[in-house]
Amino acid sequence: MDYTTKPRFFQIQKFFRYCQLYGIQKTLVKVRGQYHMKKAFQTLPSISNPVRRGGSVALIGCGNFQYSHIAYYLHKYHRGCMRAAMDTNINRAASIFKDYNLHYYTDSLDRIIEDDEVRLLYIASNHASHADYAAKALDAGKDVHIEKPHCVTLEQLNRLVHSMSNSSGRVLSIGYNRPVGVIGEKILEALRKENGAAMINWFVAGHQINPDHWYYHNEEGGRILGNMCHWIHFSMEMIDEDHRFPITITPTRTEKSDSDVVVTFTYGDNSIALISFSAQGHTFEGVRERFSAQKENTLIKMDDFKEMRIDVVQNVRKIKLRKRDHGHMKSICGSYLSSLDKGKEGLSGEYVRNLGNLMLGTKEALDNNRKVKIDNSGIFFLE
């Protein structure tokens with residue numbers, strides 16, 4: 001939703017509600033991000049010639065997420081690390097360049113790839129470009145942070161994994177942020193203390209978006225790969241790595257295949273995760289998430305990554321944060337710190353392939369309204 005077009009009273013209400021949820025600084029950058037998306041320079045800002053030295057990070061795709069999350073956290077915690085911005089919309093690249101004091105901006109990925117001072121790329125462009133941009137960066141010997149999704153087709157997944165296998169020493173990370181926030185880490189810690197199968201339940205109320213939104217373009221992968229992927233990934237992380245596969249995916253849907261749907265995942269250890277994804281109207285406070293789970297003696301409930309309760313038999317632990325923590329800061333800054341650490345290894349090719357197959361398999365199940373089963377060799381229909 002474009003909040004800049006809404007009545008002033010609505011904007012004021014939104015601003016103060018978000019200050020309660022995210023704090024003043026984060027809310028202000030979210031506001032600036034709305035205007036950044038509309039930026040159109042009469043005269044583009046000048047770049048020093050020659051380009052100033054310094055910085056090792058390039059921002060690829062300069063939309064709202066790049067502006068209000070990635071650039072914001074890098075500027076706040078690692079000031080001076082950002083070197084360049086690239087977007088096919090040169091006004092957006094120029095806007096980030098100007099607001100965050102970068103060294104240059106461009107609409108050419110090749111310029112970024114050929115820049116020897118760029119060591120790490122944060123890719124947050126349109127979804128269909130993620131895997132291709134990441135593969136080119138890996139092939140050029142650079143580290144990569146890909147925002148979700150990391151692929152939208154099997155061909156893209158294969159190419160990405162191939163580039164990973166040929167780029168020893170390079171770090172690749174994917175921006176699935178929820179498991180690394182304060183609440184996310186507490187959920188994983190509590191569940192991993194118990195044995196046996198887990199029962200996992202998500203209810204998610206997502207943003208309603210217009211039918212002509214670019215998410216719905218055939219090549220972009222739709223909302224399953226673009227939105228629901230967060231809870232698919234987090235649910236998988238709650239299952240012991242050695243017992244995740246095979247995974248059976250059971251869809252429930254009516255006319256729509258990418259929202260107002262329910263998907264059930266049955267894992268190799270007999271754990272079951274259910275995700276209900278609703279997008280029927282506007283959510284004033286952003287995406288709303290309600291989570292509950294039980295594993296052996298541990299019972300968890302969580303609301304909006306702000307408060308949770310953990311029951312272990314007679315023992316009760318309650319956690320309430322001052323602000324929502326979806327893990328963005330730790331995910332974004334963690335990729336930068338990993339790139340600095342020469343001994344640090346990124347995600348494995350096997351993990352990236354299995355995660356990609358899980359995402360693509362979920363989309364297949366919902367698109368075709370048929371049950372899908374995934375093992376370590378790939379995807380196939382059950383019925």
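Which backbone oxygen does the side chain of glutamine 156 reach? The one of alanine 128, at 2.9 Å; a polar contact here is a pair of N or O atoms within 3.5 Å, where within protein one must be able to donate a hydrogen and the other to accept it, and residues adjacent in sequence count only if both atoms are side-chain atoms.

Some ground rules. This is a predicted model, in which local features need pLDDT of at least 70, side-chain atom pairs count only at pLDDT 80 or more, and totals for chains, interfaces and linings use all residues. Residues are numbered from 1 along each chain as its sequence is written, and side-chain values use heavy atoms, with hydrogens and water left out.

Back to glutamine 156. This residue sits in helix H7, residues 154–165 (helices are DSSP runs of H or I, at least four residues, strands runs of E, at least two, numbered from the N terminus). Glutamine 156 is buried, at a relative accessible area of 17% (buried means under 20%, with a 1.4 Å probe and protein chains only). Beyond its neighbours within four places in sequence, glutamine 156 contacts Ala128, Ala131 and Cys151 (contact: heavy atoms within 4.5 Å).

Now the sheet. Six strands form an open, parallel sheet, ordered S3-S2-S1-S4-S5-S6 (strands pair if DSSP finds at least two bridges between them). At the edges are S3 (104–106) and S6 (172–174), each pairing on one side only. S2, residues 82–86, pairs with S3 over three bridges, and alanine 85 stands opposite tyrosine 105 in S3. Helix H3, residues 64–77, packs on the sheet, touching S1, S2 and S4.

Key:
Buried means under 20% relative accessible area, exposed over 50%, partly exposed in between (1.4 Å probe, protein chains only). Axes are lines fitted to C-alpha atoms, for helices over the stretch in contact, and angles run from 0 to 180 degrees between N-to-C directions.
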